[in-house]
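Please work through the exercises below with the sequence and the structure open beside you, and try each task before reading its solution.

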Amino acid sequence: MDNATKGVSEPRKYEYKADGEPKKYEETHIKGRPVRVFADGVYDLFHSGHARSLRQAKTLFENAYLIVGVSSDKDTHKLKGKTVMNENERAEGVSHCKWVDEVIIGSPWVLTPEFIEEHKIDYVVHGEDLSVDEHGNDVYDWLKKNGKFKTIKRTEGISTSDIILRILKDYDSYVRRNLKRGYTGKELGISKVKETSIKAEENIEKIKHTVNDGIHNVLDFVKRYSKWEVIKDQARHVRDWYQGEGHKTEEEGHKTTEEDADHTYRKKTNL
């Protein structure tokens with residue numbers, strides 16, 4: 001195995017685990033047409049947790065049409081905080097999820113009866129976490145009271161906040177990686193001094209690796225060469241023993257073979 005493949009895992013089939021999802025369809029009074037289900041959210045850095053939640057929403061009912069509302073940049077930045085992706089990028093990510101039938105960009109933060117009526121929504125679904133407006137009120141309260149709200153489970157261990165935290169924890173390594181890929185310090189938001197310092201450190205590390213690899217190759221060669229010299233030296237001793245005092249004539253009733261000589265020599269020299 002060469003250095004490039006060290007530590008690389010073998011390819012393997014991904015096994016999907018459908019934990020935390022409904023085992024049977026929800027009952028509904030709606031018959032003869034798809035149940036129009038609405039799920040809304042920010043969906044920044046669209047990930048598996050988002051996809052799992054939308055799968056739950058789509059499979060709540062035996063025949064469902066899933067509409068997904070993506071909140072606007074203006075509302076999200078004001079009520080929740082800055083996003084990595086803009087509203088069009090976030091909607092684009094959602095649209096590629098196979099469970100989604102329709103995407104609405106700029107979905108209102110607080111759903112109104114007029115919005116529900118306009119889009120002919122039968123049920124609104126959301127996670128177990130509480131969503132509040134700027135006054136701290138539950139934005140789904142009136143839907144819950146009218147029996148038009150369904151709860152879905154959150155996927156543990158993955159969220160947009162978790163992903164951002166991972167990046168922040170390894171910030172320096174990502175800066176170094178992107179500098180290697182040709183980004184400038186200005187694009188990465190670091191000073192020219194910092195950029196120069198990082199590049200100098202990277203060059204020093206490259207020199208260290210080159211020197212270490214060279215030393216390793218030399219030591220490996222010396223080791224293999226020394227082993228071969230020992231083998232050749234032993235072979236010379238066996239030959240000398242066979243050709244000298246260890247050789248017996250056929251008149252003595254025994255013809256010494258090279259194997260005999262080798263065995264006798266090793267016995268005497270404790271090899």
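The model is predicted, so local features need pLDDT of at least 70 and side-chain atom pairs count only at pLDDT 80 or more, while totals for chains, interfaces and linings use all residues. Residues are numbered from 1 along each chain as its sequence is written, and side-chain values use heavy atoms, with hydrogens and water left out.

**Exercise 1.** Find which residue forms a salt bridge with K58, and state where the two partners lie.

Solution. Begin with the general idea that side chains of opposite charge can pair when their charged atoms come close. The rule used here asks for a side-chain nitrogen of Lys or Arg within 4 Å of a carboxyl oxygen of Asp or Glu, and by this rule the count comes to 11 salt bridges. In one of them, K58 pairs with D101, with the closest N and O atoms 2.6 Å apart. This pair links distant parts of the chain, since K58 belongs to helix α1 (residues 48-58) and D101 to the loop between α3 (87-95) and β3 (102-107), 43 residues apart. Helices (H or I, at least four residues) and strands (E, at least two) are DSSP runs, numbered from the N terminus.

**Exercise 2.** Decide whether D73 and R90, which meet in a salt bridge, are buried or exposed.

Solution. First confirm the contact, which is 2.7 Å from N to O. D73 lies in helix α2 (residues 73-79) and R90 in helix α3, so the pair ties together parts that are 17 residues apart in sequence. Next recall the classes: buried means under 20% relative accessible area, exposed over 50%, and partly exposed in between (1.4 Å probe, protein chains only). D73 has a relative accessible area of 18% and is therefore buried, and R90, at 0%, is buried too.

**Exercise 3.** Classify the two partners of the salt bridge between R176 and E201.

Solution. The closest N and O atoms of R176 and E201 are 2.7 Å apart. R176 lies in helix α7 (residues 171-180) and E201 in helix α9 (residues 192-243), so the pair joins parts 25 residues apart in sequence. With a relative accessible area of 24%, R176 is partly exposed, and E201, at 36%, also counts as partly exposed.

**Exercise 4.** Name the residues that are linked in a network of salt bridges with E195.

Solution. The network links E195 with K192 and K199.
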